[in-house]
Amino acid sequence: MKRALLFLPLIIFMGLGVFLYKGLGMDPSARESALLNKPLPEFSMPRLDNEELKVTRDDLLGEVFLINVWGSWCPACYEEHDEILRLAKEGVPVVGLNYKDERPKAFRYLSQLGNPYTVNLYEPDGVRALAFDLGVYGAPETFLIDKEGIVRYHVSGEITARMVDEVILPEVRKWQNAY
Amino acid sequence: MDILYLPELGQFALILALVMASVQALMPLAGSMTRQPLWLAYAQPAAWAQFALLTVSFAFLTASFLVDDFSVAYVANNSNSALPWYYKFSAVWGAHEGSLLLWLWILAGWTFAVSLSKGLPVEVLARVLSVLGFVSIGMMLFVILTSNPFDRYLPRIPTDGADLNPLLQDPGLIFHPPMLYMGYVGFAVTFAFALAALWSGKLDTAWARWSRPWTSVAWAFLTAGIALGSWWAYYELGWGGWWFWDPVENASLLPWLLGTALMHTLAVTEKRGLFKSWTVLLAIATFSTSLLGFFLVRSGVLNSVHAFANDPDRGLFLLMLLGATIGLSLLVYALRVPTLKARASYSLISKDVFLLANNVILVVATLTVLLGTVYPLIMDALNLGKISVGPPYFNALFVPQMLLLGVFMGLGPLTDWKSMRLDKLRKKIWLAGAITLVLGFAVLPWVYDGSWNLWVALGLTLVLWIVTTTFRDMWETSRTKKGWKGITLSRWGMYGGHLGAALIVLGVTMVSNYGEERDVRMAIGEPVTVKGYEFTLVSLGEREGPNFSADTAVVEMRNPNGRLQRTFRPEKRMYHVRGMPMTQVSIDWGPLKDIYVAMGEPVADDAYAMRIHYKPFVRWIWWGSFIAGLAAILAVMDRRYRIRVPEASGDKLTQARQAD
């Protein structure tokens, strides 16, 4: 009897372990963008490749597209770049938002890794434009915008192959078929 | 930049260290099973080699930071060429992978220290090193397989790094993690002694004597580490609080509470041979909570300001590691701990029982904190919704528990071992009790602001009770033949620890009840009054730092007579690379009060939202903690730990070791 009682700490610990195991599958923060299901903010920004040409919100609307926030300074952007290339190959328009970068470095990045973007917006350090309004606090971040210009999905951090196949592509198809 | 091979060498050293840890763990195990005493002797040199190799590995990671080798992913993610060199240095442990390497290095350091300890029988030392080796293997596998700090970004080398999190760009953060880890990992030594004792089946008082100094030193480091963290949160996060019941803070409090209980029960086990199986369980539980805290922080199951990356794969590995370490040791405990009742007897009024009461309260407090910390997780797992447990829960339960603990803190030292007559105890405590009750309950609570407050009365009564009983005991002990010299260092350690605790209670009581926090709009030239002091925003400006730009403000404070007392220069910094804003508070500090000015948001061209805090006695919380920590070190220096105990076993190895 006494010996059985000594197993109590082990049993309590195993009970705790079960909950910890369940906890692993859950994301406590599950931080959703405040803009989710809200319209993409208005903006007018220069293109990365040409300072003179401005892009506005209305230029982009009409089809489902992704906005991918990136920078040559951001290590995870290099990591996810192959996935962005794959998305572009799948026919998903991806608008790049070059964030807190310098033009020469950004050009080198694109020429070395390939350019999957239909167009690149340029928001250097100190400018408060679209990335600021989207609440971007780091790169990479990716937003899915539907035909009406509503933000429908948001990833903060690196996109993996699995996320592309299991979430992003299905989401894109879903909103392409909506309306 | 040329490719440097430092990271590869660092990783190679890490892998060799894993090999050495395996030797250190397995050879003594095999040796004691097959009765090959020579194999036991492998443990010590293996421990030395492990420490040397991890030192090399750690040095190479540090070097990669100092030379800005951004081809190393961990460096690229946590450093930047504009970062000052000392933060490049502390950035080594600024995130997950590097802090793990620090953890391992510290474990190897503790192991090295244990391997040098004199007067331990060879078999005991070998067993202890073997257990430490197993702990090290588990954690090293975790680092090498899931969290390698030496991974490269090749061939696409980033041109610059993503910078160290600005929150961590602070002198407090250079010292906080190493101190904390010294504490967490230090309890691994006590854990190893406990398992070694279970393994050999010799759960005697010698085991308690060997464990005590290690426990006290680990406790001292943990206390200092937690205090540094609290101090850092106070001035760096800009919230002005010193404890938030954040899951990560709780994770550090769990081993601290159990470690405190362990220090006390080890004393009973050593002096009286009592509560052995309980003490062993506590030793296992203390290190287990340190690992549990590690899991909570690293696996991303809980939401916290401190939490590291959210990675389920790492989490699973850690959980398996946790399960193996804690599960196996609790299993060994259940199977091996002797159930024979100790022959020593004790009566209700005795130091034995009061120390047991201390243990019960501390364990209940630990369970309270643990429950509050994992409750959101349990609710979520049972699909009962996402909830969070806030400070009201913790304060409502934890504060009364600590008050009760304080009562025993006063009684314990004045009571005799084994048994004591009630009238003898009453004779010793009546004066202290009377002073405490009169001053603490009736006089002092009025002094500060002229009105009586129950929590102040309880807090101050407790402070006085601990202080008066401690001095009573000092006086009592000094009346023996040897006088003041008769008080041993370990007794001084106890006094210091208890007085430190009293100072903490004093600080907490005062700041919780008399502190004032005001968020005010300040326009240039318009004075604002807080607690009788007049604050005026004189000017706003800007300045450029090495890797940030800052909005600055100049705020003047005048005392009630209108004399200028102090000029505050708070800043609000924007760190370029991460785009993260940080508040840099300006504090006028002193023993009686801190006045704390932090910048919020600009509300107009010439106006800013400001946070002005009045914090009476807040420093005593940290001073008390450091006094308690130093006291624990003092106790370890007691000469009885340095006396060699004649060794019972007479095998050749033991003699050989004594000879050199």
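Modeller: Axes are lines fitted to C-alpha atoms, for helices over the stretch in contact, and angles run from 0 to 180 degrees between N-to-C directions. Helices (H or I, at least four residues) and strands (E, at least two) are DSSP runs, numbered from the N terminus.

Modeller: This is a predicted model, so to speak of a local feature requires pLDDT of at least 70 and side-chain atom pairs count only at pLDDT 80 or more, while totals for chains, interfaces and linings use all residues. Residues are numbered from 1 along each chain as its sequence is written, and chains are lettered from A and ligands numbered from 1 in the order in which they are written.

Colleague: Fine. At what angle do helix 14 and helix 16 of chain B pack?

Modeller: Helix 14 (residues 391–414) and helix 16 (residues 454–478) of chain B pack at about 10 degrees, and their axes are 8 Å apart.

Colleague: Which residues make that contact?

Modeller: A contact here is two residues whose C-beta atoms, placed from the backbone, lie within 7 Å. Helix 14 of chain B supplies B:Leu403, B:Gly406, B:Met409, B:Gly410, B:Pro413 and B:Leu414. From helix 16 of chain B come B:Leu458, B:Leu462, B:Trp465, B:Ile466, B:Thr469, B:Thr470, B:Arg472 and B:Asp473.

Colleague: How many of those are nonpolar, and how many charged?

Modeller: The contact of helix 14 with helix 16 of chain B has 8 nonpolar, 4 polar and 2 charged residues. Ala, Val, Leu, Ile, Met, Phe, Trp, Tyr, Cys and Pro count as nonpolar, Asp, Glu, Lys and Arg as charged, and the others, Gly among them, as polar.

Colleague: On to chain B's sheet. What is the strand order in the open sheet of 4 strands?

Modeller: The order is 1-10-9-8 in chain B, with antiparallel pairing; strands pair if DSSP finds at least two bridges between them. Strand 1 (516–523) and strand 8 of chain B are the edges, each with a single partner strand, so one side of each has no neighbour in the sheet. On average, neighbouring strands of this sheet are turned by 25 degrees against each other, direction ignored.

Colleague: How many bridges join strand 9 to strand 10 of chain B?

Modeller: There are 9 bridges between strand 9 (residues 593–604) and strand 10 (residues 607–616) of chain B, which run antiparallel. The hairpin that joins strand 9 to strand 10 of chain B goes through 2 residues. B:Pro602 stands opposite B:Tyr608 of strand 10, and B:Ile595 stands opposite B:Tyr614 of strand 10.

Colleague: And how many residues lie between strand 8 and strand 9 of chain B?

Modeller: Strand 8 and strand 9 of chain B form a hairpin with 4 residues between them, and they pair in the antiparallel sense over 3 bridges. B:Ile595 turns up again there, as the bridge partner of B:Asp588 in strand 9 of chain B.

Colleague: Where does B:Ser586 sit, and is B:Ser586 buried or exposed?

Modeller: B:Ser586 is in strand 8 (residues 586–588) of chain B. B:Ser586 counts as buried because it has 21 C-beta neighbours inside 10 Å. The cut-offs are 20 or more other C-beta atoms within 10 Å for buried, 12 or fewer for exposed, and partly exposed in between, with C-beta atoms placed from the backbone.

Colleague: What is B:Ser586 in contact with?

Modeller: Leaving aside neighbours within four places in sequence, B:Ser586 is in contact with B:Phe568, B:Arg569, B:Pro570 and B:Val597. B:Tyr235 is 351 residues from B:Ser586 in sequence, with 8.3 Å between their C-alpha atoms.

Colleague: Switching to chain A. How many helices and strands does chain A have?

Modeller: Chain A has 7 helices and 7 strands. Its C-alpha atoms fill a box of roughly 85 × 40 × 30 Å along the principal axes. Of its 179 residues, 35% are buried. Residues 24 or more positions apart account for 74% of the contacts in chain A with a separation of 6 or more.

Colleague: Which strands are at the edges of chain A's sheet?

Modeller: That open sheet of 5 strands has the order 5-4-3-6-7, with mixed pairing. Strand 5 (119–123) and strand 7 (151–156) of chain A are the edge strands, and each pairs on one side only. The twist averages 20 degrees from one strand to the next. Strand 4 (residues 94–99) and strand 5 of chain A run parallel, joined by 5 bridges, and A:Gly96 has A:Asn120 of strand 5 as its bridge partner. Helix 7 (residues 161–177) of chain A lies across strand 6 (141–145) and strand 7, at about 165 degrees to strand 7.

Colleague: Last one: how many residues does each chain give to the A–B contact?

Modeller: Chain A gives 30 residues and chain B gives 38 residues. Helix 1 (2–5), helix 2 (8–24) and helix 4 (75–89) of chain A are the elements that give two or more residues to chain A's side. The largest share of that side, 11 residues, comes from helix 2 of chain A. Chain A's side divides into 17 nonpolar, 6 polar and 7 charged residues.
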